Amino acid sequence: TNADNIILRVNRAFTGITGYTAEEAVGHTPSIFKSGRHDAAFYAAMWENILHDGSWHGEIWNRRKNGEVYPEQLTITAVKGKNGETTHYVATLRDITERKAAEDEIHNLAFYDALTKLPNRRLLNDRIGQTMAASKRSGLYGALIFLDLDNFKPLNDTYGHVVGDLLLIEVAHRLTSCVREADTVARFGGDEFVVMLSELDADNAESTAQACAVAEKIRSALAEPYVLKFQQEGNAETIVVHHCTSSVGVVLFINHEASAEDILKWADMAMYRAKEGGGN
């Protein structure tokens, strides 16, 4: 571009990435590529860097001619004249869509359960730590709900893991629909799930009532019949209706010096008491 940021020249690689030909880009400013994902402060910081240091390098989201938003690695360098004044800007860009997709996949494998797409145990521990710290600051109770399915094994034994997986996916959907967006639903492993409620109330009795109301909502939702449809190789679609209740344990926490592992252990113990009492 020239010193006023008007595009003077692009190459074929630019056209291949953005979809804009030289004729369509020349004469415009790079604002035609804006994705809308960055605020004014982002661009202000970028230009402050260019004016102060003579260059900027980083990742940015831009928009192709077809409207698709994509991530790119971008370097902008100021070209100086004999007297030190800026005469041009040169931008070098690289499409990093595939790299970003690979990073997202690695992140998902590390922190989310592959079957249900819920947070896994690793991410849950991190969320518990954050919620405990927030509870300490705010003086509001949090609650951890630990639950185990009462009648899951017979389904797996009779129809196999494929059908068992269908039920676990449905359990994940039902759990998510029972809580607020700010709460966390995680798959702990096997047929065990954990729900973490944040920022309940400063009063113990009120927090207990709120946590129990959510736990009862969960127990009721999971006790509804499961209609599972699957197809075995070469056979017509099979429908299985399965009844599967849950045992639920709840622990409240506020300003605890205990660890996330301790709170999980207490909720797990409460869940086993519920199971020993007959389940559901």
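Rings of Phe, Tyr and Trp count as a pair if their centres lie within 6.5 Å, and planes over 60 degrees apart make the pair edge-to-face. By that rule, this predicted model holds seven aromatic pairs.

Take Phe 42 and Trp 56. Their ring centres are 6.1 Å apart and their planes stand at 80 degrees, so the pair is edge-to-face. Phe 42 belongs to helix H3 (residues 40-53) and Trp 56 to strand S1 (residues 55-63), so the contact ties together parts that are 14 residues apart in sequence. Phe 42 is partly exposed, at a relative accessible area of 22%. Trp 56 is buried, at 12%.

Phe 146 and Phe 188 make another edge-to-face pair, with 5.1 Å between centres and 65 degrees between planes. Phe 146 sits in strand S4 (residues 142-149) and Phe 188 in strand S5 (residues 184-189), so this pair links parts 42 residues apart in sequence. Both Phe 146 and Phe 188 are buried. Elsewhere, one aromatic cluster is formed by Phe 14, Tyr 20 and Phe 33.

Now the sheet. Three strands form an open sheet in the order S1-S2-S3, with antiparallel pairing. S1 and strand S3 (86-95) are the edge strands, each pairing on one side only. From one strand to the next, the twist averages 30 degrees. Nine bridges join S1 to strand S2 (residues 69-80). Glu 59 stands opposite Gln 73 of S2. Helix H3 packs on this sheet and touches S1, S2 and S3, with its direction at about 150 degrees to that of S1. Helix H4 (residues 97-111) also packs on the sheet, touching S1, S2 and S3; its direction makes about 130 degrees with that of S2.

Next, the nonpolar interior. In soluble globular proteins, nonpolar side chains tend to be buried together. Here the largest nonpolar core has 33 residues, and Ile 145, Leu 167 and Val 195 are among those with the most contacts inside it. S4, helix H7 (161-177), strand S6 (192-197), helix H8 (204-223) and strand S7 (226-231) each supply at least two of its residues. Beyond its neighbours within four places in sequence, Ile 145 is in contact with residues including Phe 193, Val 195, Ala 211, Ile 218 and Val 250. A second, separate core has 16 residues, among them Leu 124, Phe 188, Met 196 and Ala 267.

Methods: Residues are numbered from 1 along each chain as its sequence is written. This is a predicted model: local features need pLDDT of at least 70, side-chain atom pairs count only at pLDDT 80 or more; totals for chains, interfaces and linings use all residues. Side-chain values use heavy atoms; hydrogens and water are left out. Rings of Phe, Tyr and Trp (its six-membered ring) pair if their centres lie within 6.5 Å; planes under 30 degrees apart count as stacked, over 60 as edge-to-face and the rest as tilted. Helices (H or I, at least four residues) and strands (E, at least two) are DSSP runs, numbered from the N terminus. Buried means under 20% relative accessible area, exposed over 50%, partly exposed in between (1.4 Å probe, protein chains only). A nonpolar core is a set of buried Ala, Val, Leu, Ile, Met, Phe, Trp, Tyr and Cys residues joined through side-chain atoms within 4.5 Å. Contact means heavy atoms within 4.5 Å. Two strands pair if DSSP finds at least two bridges between them. Axes are lines fitted to C-alpha atoms, for helices over the stretch in contact, and angles run from 0 to 180 degrees between N-to-C directions.
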